[in-house]
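Hello,

Here is the structure I promised to pass on.

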Amino acid sequence: MTAMLQLLTDLHVATMAHGDAPYGMIRDAAIAIQGGKIAWVGPQTDVPADFAGLDQRSLGGRVVTPGLIDCHTHIVHGSDRAVEFEMRLNGASYEEVARAGGGIVSTVTATRAASEDELLAQALRRVDVLIAEGVTTIEIKSGYGLDTETELRMLRVARMIADQRPIRVKTTFLGAHATPAEYAGRDDDYIDEVCIPALRATHAEGLVDAVDGFCEGIAFQPAQIARVFDVARDLGLPVKLHAEQLSNLGGAKLAASYGALSADHIEYLDEPGVRAMADAGTVAVILPGAFYTLRETQQPPLDLLRKHGVPIALATDLNPGTSPLNSILLTMNMGCTLFRMTPEEALRGVTQHAAAALGLTDLGTIAPGQVADLAVWDIAEPAELSYRIGFNPLAFRITGEIA
């Protein structure tokens, strides 16, 4: 589709840019788009003369937001873990499921057995649901291969999604997700013999935008994660970390010491960890789907994050085991109902702050120079996006070009 210059009119825009108005809201607004980017946004009565004569497209009084961003997903994987869901409902803990050979390792078996075509077909079904809810950018992690061949396959599939669908994809290498069965009891050997070589191989193919790890008692210790992060730094790749989900091992502080883009989950994060994140500019990614699915009671320290000015993002954590959540809108509602985020914080969490969690500076707000990834909604107020449950008011998306 050829990019062109066009003026969108008769709309209300939640720019999510910082300003005096909640949501950066401009009522009775217009947006000029040129070459797939925002050329101008403001009150319709103030449209500059340079844009006044353009072809106009009325949006009929709809609300426009930045395209939504799901900044933490495991969307490429084989099979599901419904049986383990049933086990947990019958009383087994996440740790018990994992130590019994289930959890991440069971998905590894299914993912290793799946072909590239099978993984792509399954992933596209999940992606289509997110697109239908106004998502224009997703992050996709590896980590269900735990060998070089399958990690490469997962990341190749993640890259293919952007060719198959109108969505931007950022990829994350998550080789330090779990220790596979063939390395049971030899975590350090796995890091040195498999994880780090796989990271180098996936980077050499241009498949990696960032590097992640799972720092937890049932996964890897901080010193082991640090070895992976040292290689990431040598390769010029930013890092992020699953941290403080089930306990406090100091993962967030470790991540912050590497200037991490984000620390994710963080239910057990303490104030020193929050301060370290604030000093490093590390985004807190809150994942209510996992909290809900695991029936956790320890909530992430929202008040401390606010106190220290740490940006708070929200994401689905879409995965087959601990967060089979395929709805960004429900994620926003859960952020509000479970963690008492405000609707404005929730929307900022899937736009401006989600962009920051991916290191993206050209998305997440509606302002001149930003990519024109927009979601157009049949709503009267932005709060409706967090308020409703099981209802999708998306009219359509615009993804960098006039739709």
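This is a predicted model: local features need pLDDT of at least 70, side-chain atom pairs count only at pLDDT 80 or more; totals for chains, interfaces and linings use all residues.

Below are my notes on one annotated site and two of its residues.

Residues are numbered from 1 along each chain as its sequence is written, and side-chain values use heavy atoms, with hydrogens and water left out.

An unreviewed UniProt entry lists Tyr144, Asn319 and Gly321 under "binding site"; such annotations may be inferred rather than shown by experiment. The three span 178 residues in sequence, yet no two of their C-alpha atoms are more than 11.5 Å apart, so they gather at one spot.

Asn319 belongs to the loop between β12 (312–314) and α13 (328–339), and Gly321 is in the loop between β12 and α13 too (strands are DSSP runs of E, at least two residues; helices are runs of H or I, at least four; both are numbered from the N terminus).

Asn319 is buried at 5% relative accessible area, and Gly321 is buried at 2% (buried means under 20%, with a 1.4 Å probe and protein chains only).

Leaving aside neighbours within four places in sequence, Asn319 is in contact with His74, His77, Tyr144 and Pro324 (contact means heavy atoms within 4.5 Å). With the same exclusion, Gly321 is in contact with Arg81, Arg88 and Thr293.

Happy to talk it through.

Best wishes

Note on methods: Buried means under 20% relative accessible area, exposed over 50%, partly exposed in between (1.4 Å probe, protein chains only).
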